[in-house]
Structures are given as structure tokens and as C-alpha cells.
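Please keep the sequence and the model open while reading.

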Amino acid sequence: MRYVSDLPYETKEEENVSIPAADGTRLAARIWRPTSSDQDPVPAILEYIPYRQRDLTAERDSIHHPYIAGHGYACVRVDLRGTGDSEGVLKDEYLEQEQTDAEDILAWLAEQPWCDGTTGMMGISWGAFAALQVAARQPESLRAIVIASFTDDRYADDMHYMGGALLSDNLAEAGTMFAYGTCPPDPAMVGDRWRDMWHERMEGTRPWVLEWLRHQRRDDYWRHASVCEDYQAVRCPVLASSGWADGYSNAVTRLLGNLDVPRKGLIGPWSHKFPHLGEPGPAIGYLQEVVRWWDHWLKGVDNGVMEGPMLRTWMQDSVPPSTSYEERPGRWVGEPSWPSPHITSVVRRLTRHGLSDPVSETHTTPESAEYTEFPEGPEEEGAGAGEGLSVQSPLSVGQFGGKWASYNAPPDLPYDQREEDGGSLVFQTEPLTERTEILGSPCVELDLSVSEPVAMVAARLSDVAPDGSATRVSYGLLNLTRSETQSDPRPLEPGRRYRAVIPLNGVAQAFPPGHRIRVSLSTSYWPLAWPPPKPVLLTVYETSSTLTLPVRPLAEPDALPDQPFDEPEGTRPRSPVRLVAPEERWQVKRDLVDYAAELEIVKDRGTVRLEDIGLDVGCRAYERYTSLAEDFTSATGESAWTMSFRRDDWDVRVETRTVLSCDEDQFRVDATLDGYEGDRRVFSRTWNETVPRDLL
């Protein structure tokens, strides 16, 4: 990254700014703005997240907020109610209170003498969720948003219930927020109130996983703040981005296809990172794109920002399987609109010996299956021919599946799929005679039957090299009890024939000549997804089952120059002093004596000193997923965090631990929260609760 200091505007930074919410709660903010804004007001840009602007995101924030401020904007980083130095308690994600607070903040910003009355919102992940959700509420001052790594569907396309199947990231994210939401404010900012505020947070917190497990269907809890419920509510321009290695690879194209406002989409090879910090590379000059967006929509500059393709994306070349990549080879391509008129849906049938040659082609994409609740599901007597192909996958299928949303640290991408395929039904093409490129969401439609009333299918698409190595390209999950509707699931009738549509995550991928395209189907994908209560025998009637690929013709012009983006740049970050080295680990273990299996993940940032505020900060996350032989009720997940803060005689830490286990009928949550001042434990609470399994 190129660090720049010569910017169009001289800026100043204001910390410990207190913004009032309507109920009197004070929300902590940091502001970067041009010094000239005292005389010449500028638009204000809000980033609104729960991750502690004074310490935990200070380094990251210092790269892009001063940069954007240096181009003539007031950049405002606000901690959500109950996080960082803001007052109150954070009780869950995306609540009505969170969004009304955001509206209060925007109104306050618009009234400041250094603001010209117009605002924008930006962010990644939670910050992008917040911007999109608030945009749908149409606050008066909000003129445009910039969002990265987000979803418009909180139930089926977030870390909760992919295809109605429970993701282990449901536990992992709940564990993350269990820790972040119970950290103390900084006495240097809030004074002697810090201890009372801290204890209020710990007293007012419950493990969020309990609430998320109580909503195993798509209900009003998930419909709230899911913009897919009403795209027309968003009335301001949207610049949306994500990465193919991220868990949020689908929402960009859904917004492009469904919004009725000026919009642009950008999808790179990245994991859960801002594009200017993108890993795997190449990272791009994203902040320059953001400034152009703000200049046009907040200042009225005629800079051509809406010219060119609606979607710019990285067409990934074939790579060997690896859990981490520094760079993904490929090229940038552009599409004029979405769905693209250039994409052809190519259908191949599953056969006893693999995948057929294409049997049909249309100029519509299968991606529309992402928006439906899979209406096809009734029994089709006599559909298909033959006895079908059957598999009952072991719990080991999924141990090399990687993380639902890659962070690229520790290495967390899926590894070689050959071992996974040993417990799956596998269908593949003959070696390709020419290069094939896909762009969009592949789709698997199955004619099937199962042996149990609760079952899931994991469908994986892989690029198989001539040496047999298999790189996972995309995947999708479907809880078959929700194949007709995600809001009113029904138990399956063993032996009955059903049709099920499984949309896979969107992707842009090239398959070279000599490689094969493979579809793999399994009845478990642990620990990425929670297994059903019992092992399931799946039978697929292959002659009436299909794979649909969104093929981008090779003759189609890319509509972009070879280098459509500038080099990544930003302002020089605040660099902390490292006191304790970080630790990263991702280990799969199997014991062939008692047949215990384990995935252990360590993400320890070590301890750093933020010299400008004299604070030492430590952050360690630990996850562990275990199972025993083929006992599907032995699946257990654990998420544990330690967060520590030390300055002079102020020495505090929070330790959290959440364990999720199950039997055939219910989930069990055992959680602990401990707060320490020095070595003295000053707070402790334990939860031991059960939640019934709802056809899951």
C-alpha cells in the first residue's frame, strides 16, 4: 500500500466526541475533518460499528478515515450503544434501537456547523449492514452509502442458517460479540464511571447464541432489517463490494439486480477485508473509488463515476488447493447490468458416470433461485429412471471445508477436496476441451429421497486438475425440511421422492482445458454446518437431477482495461508496539483409538501497546469443534475469548466461553462470563440452557 500525506485538505482529529441519542444515551465518536470546515462546511461520512474506535480498530481506522477527510469530508467513527466508550448495553445485532440511534447520529451530524447538511454511511461487515439497513429507513440527510462484505438476507445468507442449515459461525460470531460487548470503557474517556458502565454491560448481557437458536425458521426476527424483504425501501445510491473468498459473496449481485437506484458493484478475490487491504490479492485503490463516489453523490461533481460496467469483478484463474493464497491469478471483467445479458445458463445432467455434456442453454441466470423459498418440493411419482445412487456421509466430511467466511488468518480456506469426496456422491465432466468461465451462482437441482425426517445436503463445485487434486470453487447447503419454505419447515417422509434446488455461492471462476468440473453431494458438512440428529442415507435419481452453470462466453469483451484500478493507498496507520507475539493455528486431529475428531482454531493477536494513548491491549480467540465416530449427537462447538486492557494501575480483562452441544431433540448452551481487575475476579455468571431442535 502507498501511504500518502499530501492531500487536498489539511485535517484535524477530534476524539472523545459525545453524540446524544434521543433517550439521552451518549455515544462515543472520533471525528476527522478538514480544518477549513469551520468556515466551509463539508458532507459527513459515518462508520457505525461495535468494535471500539479508541483501541481495537484504531490502526485500521487511521488508514482510511484521515484519507477521506483529506479529500474534503468529515469522517465520523461511532461506537454502537454499549460498546467502546458509548453508554448503555448492546443486547443483540441490528435491533431497532441500533437503527434509531443511527438516525439520531445522522441528524446530529447534519446540524453541526462544520457539516453542510448532507451525510453518507460506509463500512465493512457490521458497518455495511448498518449503512444498508439505515438507508432503507430513508433518513433525510443520507445521500449515498458505500458498503463492503454484507448481506441483505439475515437468515439464509448470513452466518446463521445457510439454506436453513445451522452454521458453526452462528456460535463463533455469538462468541465474538459475547466478548466485545462486555469489555469495559476506557477511564481516560469516561472517568470514574467506567466501573459502573462495565458492570452494567456484564449484568445486561446474555449469550446471543441463545436468541439466535430460538429462531431456527425465517420469522419476523430475521425479517427485521433484512433489506431483501423490500428492496424499494432503499432510495439512495449504493456502491457495494465483496470478495469471492468471503462468506458474503452473494449480496452484491442481488442488490444490482433488485435495487432501483444508481448502483455499482465490485467483487474481488478477497476474504473478509476492505478491498484496499484485500487478501488474497490483488488489493486495489478502493479509497480512490470511494472518494469519487462521495464527490459525485455528495458534492455533485461530474466525474463520470457511473460510467462503465455496473459490475466489475475478478475472474479467477485455476489454482491448486491451498488454505491460503497471497494472490489469486486472474483478470478484471465487467458486466453492463445484472443479471448480465452475456451470461448463459448451461445445464448438465447428473449421470451414473459423471456429468453429461450440456443439454440446454438459456440467456437467463440460475441466480434467481437465491431469492426464492424453493417452491418445488412435492413428490413426483415416476420422475426419473433407475434406482438412484446413494450415500450416507461420515461426520469427517467437512473437516477440510474451511471457514464460512474466510479472514485469511489463520489460513482458513478449503483444502484439497479429494478426502471430502470419499464420503460423497461425485459427478464430474470429462476433461474439458476448451477453457470455461462462469460468473454468478451455480445451481444444483436434485430428484432425491432420504431415510430420515431431518436431513441436509451439502453441494460442492470443484475444479479438478489432471493430477486429481480438487480445488473447491463454490458450495451450497440446504436443510431439506426447508426445501419448500424457510418459514414453515416440514419433516420429510423417508423414501418419498422430492425435488430440491440448492443455489451455490456466487463466484467468477475459469476452468482450463484438461481440467474437470466436479459436483460433490454429502449429507454432512461438519464442522462448517451442524449435522442432522441422525446419519442420513441420501438417494439421488441422477437422470432427473441437474447442474446449471452461469457461463460467461470467452468471446465476450471484458469491457475493462487491464489495470482498471489505481494502486492501493491510504494515510499512514498508527502502528502499535508489539509486546507479545501473535499466534495462529488451524489443526485437524483424529484419534484412531476412540475415533474422536477435532478441529482447533487459535487466533491470538498477542499484546500490543498503543503508545499514543498509553494502553496495552490483548485479544485471543479460541474455537474447538469435536465429534466422536459416527455419533451425530456428539457434535460440540466451543468459542472462548480473552480481552485485556492495561494502563498504569488500570488492569482489566474479560474471559468468555460458550459451548454448544446437542442430543437428538435439543441444543444445549453452557456459557460463562468472568470479569477481572488484576488477578481478582469481580464478576462471574454462568448460563446452562437448552433450546429444542426445530427440524434442524
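## A helix crossing

H1 passes H10 in a right-handed crossing, where right-handed means that the near helix is turned clockwise from the far one by less than a right angle, and left-handed means anticlockwise. The axes of H1 and H10 (residues 286-299) come within 11 Å and cross at roughly 35 degrees; these axes are lines fitted to C-alpha atoms over the stretch in contact, with angles running from 0 to 180 degrees between N-to-C directions. Helices (H or I, at least four residues) and strands (E, at least two) are DSSP runs numbered from the N terminus. The model is a predicted one, in which local features need pLDDT of at least 70 and side-chain atom pairs count only at pLDDT 80 or more, while totals for chains, interfaces and linings use all residues. Residues are numbered from 1 along each chain as its sequence is written, and side-chain values use heavy atoms, with hydrogens and water left out.

On the H1 side the contact (heavy atoms within 4.5 Å) is made by Ile63, His64, Tyr67 and Ile68, and on the H10 side by Leu287, Gln288, Val290, Val291 and Trp294. These residues divide into 7 nonpolar, 2 polar and no charged, where Ala, Val, Leu, Ile, Met, Phe, Trp, Tyr, Cys and Pro count as nonpolar, Asp, Glu, Lys and Arg as charged, and the others, Gly among them, as polar. Gln288 has 10% relative accessibility and therefore counts as buried, the cut-offs being under 20% relative accessible area for buried, over 50% for exposed and partly exposed in between (1.4 Å probe, protein chains only). Leaving aside neighbours within four places in sequence, Gln288 is in contact with Arg2, Tyr67, Asp566, Glu567 and Glu569.

## Aromatic rings

The structure holds 28 aromatic pairs; rings of Phe, Tyr and Trp (its six-membered ring) pair if their centres lie within 6.5 Å, and planes under 30 degrees apart count as stacked, over 60 as edge-to-face and the rest as tilted. Tyr51 and Tyr180 form an edge-to-face pair, because their ring centres are 5.3 Å apart and their planes stand at 80 degrees. Since Tyr51 lies in the loop between strand S4 (42-49) and helix H1 (58-69), and Tyr180 in helix H4 (residues 169-180), this pair ties together parts that are 129 residues apart in sequence. Both Tyr51 and Tyr180 are buried. By contrast, the rings of Tyr155 and Tyr161, with centres 5.2 Å apart and planes at 15 degrees, are stacked, and these two residues are also buried.

One aromatic cluster is formed by Tyr51, Tyr94, Trp126, Phe129, Tyr180, Trp208, Trp212, Tyr248, Trp404 and Trp641. Trp126 and Phe129 are among the buried residues of H3, a helix (residues 126-135) that is largely enclosed by the rest of the structure because 10 of its 10 residues are buried.

## Backbone exceptions

Most residues other than glycine have a negative phi, and most peptide bonds are trans. Tyr94, in the loop between strand S5 (74-79) and helix H2 (96-111), has a positive phi of about 60 degrees. Arg52, in the loop between S4 and H1, has a phi near 70 degrees.

The peptide bond from Glu279 to Pro280 is cis, with omega near -10 degrees, and Pro280 is placed in the loop between strand S11 (263-268) and H10. Another cis bond runs from Trp338 to Pro339, with omega near 0 degrees.
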